[in-house]
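Me: I am new to this structure and would be grateful for a close look at a single part of it. Please begin with the whole and then turn to that part.

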Amino acid sequence: RLLWMELHGVSGHWPVRYCSDMILSGHTFVMFTFLLGSADLVRKLCLIMGGPMRVIVEPLVVLLVFCCTGADLYLIVVNHFHY
């Protein structure tokens, strides 16, 4: 019966989408971890260099991290992407 669902879909819908719990795992997790590491590196470099640019650069990097992650989650939902 499960093989039949895989091959023919459910109620005419194919492929079968099982769940959305994968949205917050896989490449989204790796991407977010990389972006947080990058933001931490920028923060440390700004502390070492000092100066007024720190006030501008750090918030922009944090905004970039959240925009990239939000865009990734949005595009996954819009495209019905599933692993």
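What percentage of the 83 residues in the protein do buried residues make up? Please then examine how helix α2 and helix α3 pack.

Reply: This is a predicted model, in which local features need pLDDT of at least 70 and side-chain atom pairs count only at pLDDT 80 or more, while totals for chains, interfaces and linings use all residues. Residues are numbered from 1 along each chain as its sequence is written, and side-chain values use heavy atoms, leaving out hydrogens and water.

Of the 83 residues in the protein, 14% are buried; buried means under 20% relative accessible area, exposed over 50%, and partly exposed in between, with a 1.4 Å probe and protein chains only. The accessible surface comes to about 6,700 Å², and carbon and sulfur atoms hold 75% of that area; the areas come from the Shrake-Rupley method with a 1.4 Å probe, and for residues only the protein chains shown count as cover.

The protein has three helices and zero strands, in the order α-α-α along the sequence. These elements are DSSP runs numbered from the N terminus: helices are H or I with at least four residues, strands E with at least two. Among contacts with a separation of 6 or more, 65% are between residues 24 or more positions apart, a contact being heavy atoms within 4.5 Å.

Now to the requested part. Helix α2 spans residues 27–49 and helix α3 residues 53–78; their axes lie 9 Å apart at an angle of about 175 degrees. The two helices are therefore roughly antiparallel, the word used for angles over 145 degrees, whereas under 35 is roughly parallel, 65 to 115 roughly perpendicular and the rest oblique. Axes are lines fitted to C-alpha atoms, for helices over the stretch in contact, and angles run from 0 to 180 degrees between N-to-C directions.

Where they meet, α2 contributes residues including Met-31, Phe-32, Leu-35 and Cys-46, and α3 residues including Val-61, Cys-68 and Thr-69. By class, this contact has 14 nonpolar, three polar and four charged residues.

Thr-69 belongs to helix α3 and is buried, at 11% relative accessible area. Beyond its neighbours within four places in sequence, Thr-69 is in contact with Met-31, Phe-32 and Leu-35.

Cys-46 is buried, at 11% relative accessibility, while Cys-68 is partly exposed, at 28%. The closest cysteine sulfur to that of Cys-68 is in Cys-67, 7.1 Å away, which is too far for a bond. The whole structure has zero disulfides, counted as pairs of cysteine sulfur atoms within 2.5 Å.

Technical notes: Ala, Val, Leu, Ile, Met, Phe, Trp, Tyr, Cys and Pro count as nonpolar, Asp, Glu, Lys and Arg as charged, and the others, Gly among them, as polar.
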